[in-house]
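Here's a quick briefing to read with the model open beside you. Have a look at the structure first, then work through the notes below.

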Amino acid sequence: MAARAMTEPAFFILTALVDAPRHGYGIVGEVVDLSGGRVRLKIGTLYGVLDRLVADGLVELDREEPHQGRLRRYYRLTDSGLDALSTEATRQAANAEAATRRLGAHRAATAGGIG
């Protein structure tokens, strides 16, 4: 995954799989919860991202279970996926901190200038 930036759907899918293997609809629901309803994955997007994450070795098939006449595939995070998510979370936190510092300095510099 080093060659590509992590997309927001990939970030949330990896995050959804940290505590337990999940099937597609379980991942979709978990992503809605994790993002406070801001990110709602369509099924096509979910499986496209999952295919890339599996190809990159960040996620793997955990098991398949029959459900209402169809097989549900459960996915789990790999050790590489956990490392990639940790690196991305650290990168995003550092970016947010830099932006917050810059915004604070801007507000302080412009607070007395108006009026």
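The axes of H1 and H2 come within 9 Å and cross at roughly 105 degrees (axes are lines fitted to C-alpha atoms, for helices over the stretch in contact, with angles running from 0 to 180 degrees between N-to-C directions). That makes H1 roughly perpendicular to H2, a label for 65 to 115 degrees. Keep in mind that this is a predicted model: local features need pLDDT of at least 70, side-chain atom pairs count only at pLDDT 80 or more, and totals for chains, interfaces and linings use all residues. Residues are numbered from 1 along each chain as its sequence is written, and side-chain values use heavy atoms, with hydrogens and water left out.

**Where H1 meets H2**

- On the H1 side you'll find Phe12, Ile13, Thr15 and Ala16, and they meet Ile27, Glu30, Val31 and Leu34 of H2 (contact means heavy atoms within 4.5 Å).
- Sorted by class, that contact has six nonpolar, one polar and one charged residues (Ala, Val, Leu, Ile, Met, Phe, Trp, Tyr, Cys and Pro count as nonpolar, Asp, Glu, Lys and Arg as charged, and the others, Gly among them, as polar).

**H1 and its cover**

- H1 spans residues 8–16, and its buried residues are Ala10, Phe11, Phe12, Ile13, Leu14 and Ala16 (buried means under 20% relative accessible area, with a 1.4 Å probe and protein chains only).
- Their cover includes E1 (22–23), H2, H3, E2 (59–67), E3 (70–77) and H4 (79–111); helices (H or I, at least four residues) and strands (E, at least two) are DSSP runs, numbered from the N terminus.
- At the start of H1, the backbone nitrogen of Ala10 has a side-chain oxygen of Thr7 within 3.2 Å.

**Ser35, between two helices**

- Look for Ser35 in the loop between H2 (24–34) and H3 (43–55).
- Ser35 counts as buried because its relative accessibility is 11%.
- A polar atom of the Ser35 side chain lies 2.9 Å from the backbone nitrogen of Val39, and the backbone oxygen of Val32 lies 3.4 Å from a polar atom of that side chain.

**The strands**

- E2 and E3 pair in the antiparallel sense over eight bridges (strands pair if DSSP finds at least two bridges between them), and Val59 has Leu77 in E3 as its bridge partner.
- The E2 and E3 hairpin has two residues between the strands, and Gln68 takes a positive phi near 50 degrees there.
- E1 also pairs with E3 in the antiparallel sense, over two bridges; Tyr74 in E3 is the bridge partner of His23.

Methods. Buried means under 20% relative accessible area, exposed over 50%, partly exposed in between (1.4 Å probe, protein chains only). A polar contact is a pair of N or O atoms within 3.5 Å; within protein, one must be able to donate a hydrogen and the other to accept it, and residues adjacent in sequence count only if both atoms are side-chain atoms. Angles under 35 degrees count as roughly parallel, over 145 as roughly antiparallel, 65 to 115 as roughly perpendicular and the rest as oblique.
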